[in-house]
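The following note sets out numbered points on the structure shown below.

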Amino acid sequence: TSASLLPVFVVGSYFFGQGTETVSWGLFGLTILGILIAHLGINVFNDYFDFKDGTDEENAEYFQQVSGGSRAIELGLITLNGTRTLAIILTLIAISIGGIILSQVNAANTSSVIQIALTGLFLGYFYTARPLRLVSRRGLGEIAIFLAFGPLLTLGVGFAIFQGAFAESSDFLNCFLLGIPLGLLTTNILLINEFPDMKSDAKTGKNHLVVTFGKKASRWIYLLFLLLAVGSSFYMYNALENISLLIPTLFCLLFGLYIFNHILKHYNKRSLVSANWKTIGLQALYSIILCICLIWGENITGILGF
């Protein structure tokens, strides 16, 4: 859930650093809770549909924490029907929290909050659910994850907590820009986790980018997403005129290239798992450093002598 929660904290850090008084921190707290539970609900739905399609059960080549789903059903920790029931309960709780948020959100932002929330739930649910099953449509799944954990998420938080017409403010564009590198780094988490699952996913029609292009070519897709994240982070630094944002940008580039070098050599080996974990760490650490720079940017640049 760090992939969904950290972008929320990034938006909160942005507004806190701006010193704006047009933000409801009570709604911010409710938004954190709602997104956390919604993410858990969608994850459980994904486990349910992956089991129904035979994807996780077919995955016998690798048995790692980053591969083959949670294995909760396969290990007998919960039944298939229990998984569906749990997913429905979590989603209903998230929707209820969303209803509380809507009752307090600024009227100018209500329709946008509804549209973004429904779009996020739609993309998360139909990522593995039929008939769309976006993950099987050669890149649409990756696009869905980029949007849901990137610009849609950061904009949704902005609309929920901003006490004014958010779409007409300069903060709208800034929150959009914040979401782009975050979404791309999360997409790379998805991409690298597709490597160990490739054979079992291909057998069950889960035709994501790694199945479509193969592991060897997909190394360069990882690099492309990484460089796009770095480029968008650099553009964000210029747009926000905060020189301290060069710190997370350089971190993303250097740590990302270090991970990519490992992927180049180990893409078809079990030792690739190190890159899986480090890619998760890259998104998390980038987000945390970004939060720090958004809050204390001026102090940081002063210490560094800029």
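1. Arginine 130 counts as exposed, at 53% relative accessibility. Here exposed means over 50% relative accessible area, buried means under 20%, and partly exposed lies in between, with a 1.4 Å probe and protein chains only. The model is a predicted one, in which local features need pLDDT of at least 70 and side-chain atom pairs count only at pLDDT 80 or more, while totals for chains, interfaces and linings use all residues. Residues are numbered from 1 along each chain as its sequence is written, and side-chain values use heavy atoms, with hydrogens and water left out.

2. The side chain of arginine 130 meets that of aspartate 53 in a salt bridge, at 3.1 Å from N to O. A salt bridge is taken as a side-chain nitrogen of Lys or Arg within 4 Å of a carboxyl oxygen of Asp or Glu. This pair links distant parts of the chain, 77 residues apart: aspartate 53 lies in the loop between H2 and helix H3 (55–58), and arginine 130 in the loop between H5 and H6. Helices (H or I, at least four residues) and strands (E, at least two) are DSSP runs, numbered from the N terminus. Aspartate 53 is buried, with a relative accessible area of 19%.

3. Arginine 133 forms a salt bridge with aspartate 53, and the closest N and O atoms are 3.2 Å apart. The two residues are 80 apart in the chain, with arginine 133 in the loop between H5 and H6 and aspartate 53 in the loop between H2 and H3. Arginine 133 is buried, at a relative accessible area of 3%.

4. Aspartate 50 lies in helix H2 (residues 25–52) and lysine 206 in the loop between helix H9 (198–203) and H10, so the pair ties together parts that are 156 residues apart in sequence. Aspartate 50 is buried at 8% relative accessible area, and lysine 206 also counts as buried, at 9%.

5. Most residues other than glycine have a negative phi, and most peptide bonds are trans.

6. Which residue in the loop between H10 and helix H11 (246–266) deserves a look? Glutamate 241 is found in that loop, and its phi is near 50°, a positive value in a residue other than glycine. Glutamate 241 is exposed, with a relative accessible area of 72%.

7. How many of the 11 residues of H7 are buried? The count is 11 of 11, so H7 is largely enclosed by the rest of the structure. Among these buried residues are Pro151, Leu155, Phe159 and Ile161. Their cover includes helix H1 (2–18), H2, helix H4 (80–104), H5, H6 and H8, where contact means heavy atoms within 4.5 Å.

8. In helix H6 (residues 140–148), the buried residues are Gly141, Glu142, Ala144, Ile145, Phe146 and Ala148. They pack against helix H5 (110–125), helix H7 (151–161), helix H8 (170–194) and helix H10 (209–240).

9. Asparagine 188 has its place in helix H8 and is buried, with a relative accessible area of 2%. Leaving out residues up to four places away in sequence, asparagine 188 touches Ile221, Tyr222, Phe225, Leu226 and Thr279.

10. As a whole, the protein has 12 helices and zero strands. Its radius of gyration is 20 Å, close to the 19 Å that the globule rule gives for 306 residues, so it is as compact as a globular protein of that length. The radius is taken over C-alpha atoms, and the rule is 2.2 Å times the number of residues to the power 0.38. The C-alpha trace spans about 55 × 45 × 30 Å along its principal axes, and 55% of the 306 residues count as buried. Among contacts between residues at least 6 apart in sequence, 75% join residues at least 24 apart.
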